[in-house]
Amino acid sequence: MYKPIGEMETREDVGVEAVPYCCSTCDGGGPSHNLAIRTRKTRSLSTSAATSASEYRRNQSLHGPSPVTTFGPKACMLQNPHAVMHIQDPASQKLTWNKPPKSVLVIKKIRDASLLQPFKELCVFLTELKSMIVYVESKVLEDPAIAADESFGAIIKKFCTFREDLDDISNLVDFIICLGGDGTLLYASSLFQESVPPVMAFHLGSLGFLTPFNFDTYQSQVTQIIEGNAAIILRSRLRVRVTKESREKKAREEEKGLIMTNGDNESSCKAMQYQVLNEVVVDRGPSSYLSNVDLFLDGHLITTVQGDGVIVSTPTGSTAYAVAAGASMIHPNVPAIMITPICPHSLSFRPIVVPAGVELKIMLSRDARNTAWVSFDGRKRQEICHGDSITITTSCFPVPSICFRDPVNDWFESLAQCLHWNVRKKQNYLSSEEDEF
């Protein structure tokens, strides 16, 4: 039901003029070397932002200019050297409804009494005033405070309910509204293992780095999302495959004294797949020994992690556990995967950033003294033994998170408000008289 404007879509598909951005220093003429001009005003939650976006010529792109694909007199990267490689301009990431949305999933933080009244107000607004089909998880309605409210009973009867891991609602929900903290957005991501509906997250939790909307003006904000366009940021996810070797096979190998290899033979293995928004964490669990795991990149062993563990995170997850472990913060529009060691027993093991398209594999080293444990966005925690493997790459199913203003301003606002980035008492001004001394 939703469609983020992408580089493969035409103007007829999305109803907005999207001109690819090209570097102004490129040789030659032609329309491909003109700066992109946004010619249609789009409705936004920030009127001033929408106006400015439609009235100025963009002279830069967050993803960089379209690169020249000829190198010297004879070398080129494309078969047709005159072709232009277009790189998506994040400013064109606007949400457009093909048809008016009719259904919405409301996710509420469980066991939080402070959210009961906002939850009820929002559901009444969506069902009575907007005539929306509201989906709610069954365990939310099991809260005694909700079940005992007779005045809310008529609204509850209109709900469509589902149960996690049992009911598939992936093709039933047009968009999602989260009430709570960042955990509600992570939970919404876990419910959809493929395409994810647009997510509108209200800040009603503790941190709120991923929840840009305030609930005070929810009616006007939700109305704008339903009726018009909205800026979105595509938060990349990790596709994780956990392959566990058959324990019966492992026992037979140990009896025969066989040495386990890198686990490429998966004929008798059990595989599970996850979509992860923040990070995959591999740690030593309850053991007092160092974690000892091998890290492969595209099939090549690049290092062995000896420490408390390792974090593999998305750009969105770079401001979560990774930043607490000493990693840099990466804007969600940057296509990358971050690898961050946890308390490594090495003075030179620094966090690194690798391209989004690589495939990582994590396995226990052959001489590891203990097993390891893995979790995905803090959930589904499980033990990793010898012969098991964790394969990680960037998923092709991102989470389209609706912005309050735009991807850049929202991110820096979160850095300032939630993490107090670069907060320092300012240096006093030095007068000319003081300068003489």
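Contact, throughout this tour, means heavy atoms within 4.5 Å.

**Before you start**

This is a predicted model, in which local features need pLDDT of at least 70 and side-chain atom pairs count only at pLDDT 80 or more, while totals for chains, interfaces and linings use all residues. Residues are numbered from 1 along each chain as its sequence is written, and side-chain values use heavy atoms, with hydrogens and water left out.

**The whole chain**

Show the protein chain as a cartoon. Its secondary structure comes to twelve helices and 23 strands. Helices (H or I, at least four residues) and strands (E, at least two) are DSSP runs, numbered from the N terminus. The chain has 437 residues, and 47% of them count as buried. Buried means under 20% relative accessible area, exposed means over 50%, and partly exposed lies in between (1.4 Å probe, protein chains only). Take the contacts between residues at least 6 apart in sequence: 71% of them join residues at least 24 apart.

**Stop 1: Gln382**

Select Gln382, in strand β21 (residues 379–384). Is Gln382 buried or exposed? Its relative accessible area is 11%, so Gln382 is buried. Now display what surrounds it. Leaving aside neighbours within four places in sequence, Gln382 is in contact with Val242, Lys244, Met272, Tyr274, Ala372, Trp373, Val374 and Phe376. Pick out Lys244: its side chain makes a polar contact with the side chain of Gln382, at 3.3 Å. A polar contact is a pair of N or O atoms within 3.5 Å; within protein, one must be able to donate a hydrogen and the other to accept it, and residues adjacent in sequence count only if both atoms are side-chain atoms. Val282 and Gln382 are 100 residues apart along the chain, yet their C-alpha atoms are separated by 9.8 Å.

**Stop 2: Lys380**

Stay in strand β21 and select Lys380. Lys380 is partly exposed, with a relative accessible area of 37%. Check its backbone: phi is near 55 degrees, a positive value in a residue other than glycine. Most residues other than glycine have a negative phi.

**Stop 3: Asp165**

For another positive phi, go to Asp165, where the value is about 70 degrees although the residue is not a glycine. Asp165 lies in the loop between β7 (160–162) and β8. At 64% relative accessibility, Asp165 counts as exposed.

**Stop 4: helices α3 and α8**

Select helix α3 (residues 116–129) and helix α8 (residues 218–227) together. Two packed helices are described by the angle between their axes and the distance between the axes. Here the axes come within 11 Å and cross at roughly 45 degrees. Axes are lines fitted to C-alpha atoms, for helices over the stretch in contact, and angles run from 0 to 180 degrees between N-to-C directions. α3 and α8 are therefore oblique to each other. Angles under 35 degrees count as roughly parallel, over 145 as roughly antiparallel, 65 to 115 as roughly perpendicular and the rest as oblique. Which residues make the contact? Glu121, Leu122, Phe125 and Leu126 come from α3, and Tyr218, Gln219, Val222 and Thr223 from α8.

**Stop 5: inside α8**

Keep α8 selected. Seven of its ten residues are buried, so α8 is largely enclosed by the rest of the structure. Colour the buried ones: Tyr218, Gln221, Val222, Thr223, Gln224, Ile225 and Ile226. These buried residues pack against β4 (94–97), α3, β8 (175–180), β9 (199–203), β10 (230–235) and β23 (399–402).

**Stop 6: Thr127**

Return to α3 and select Thr127. At 9% relative accessibility, Thr127 counts as buried. A polar atom of its side chain lies 2.7 Å from the backbone oxygen of Cys123. Leaving aside neighbours within four places in sequence, Thr127 is in contact with Met132, Val134, Ile155 and Phe159.

**Stop 7: α7 and Leu207**

Move to helix α7 (residues 182–191), where eight of the ten residues are buried, so the helix is largely enclosed by the rest of the structure. The buried residues of α7 include Asp182, Thr184 and Leu185. Then select Leu207, in the loop between β9 and α8. At 40% relative accessibility, Leu207 counts as partly exposed. Not counting residues up to four places away in sequence, Leu207 touches Asp182 and Cys418. Finish with Gly183: its C-alpha atom and that of Leu207 are separated by 9.7 Å, with the two residues 24 apart along the chain.
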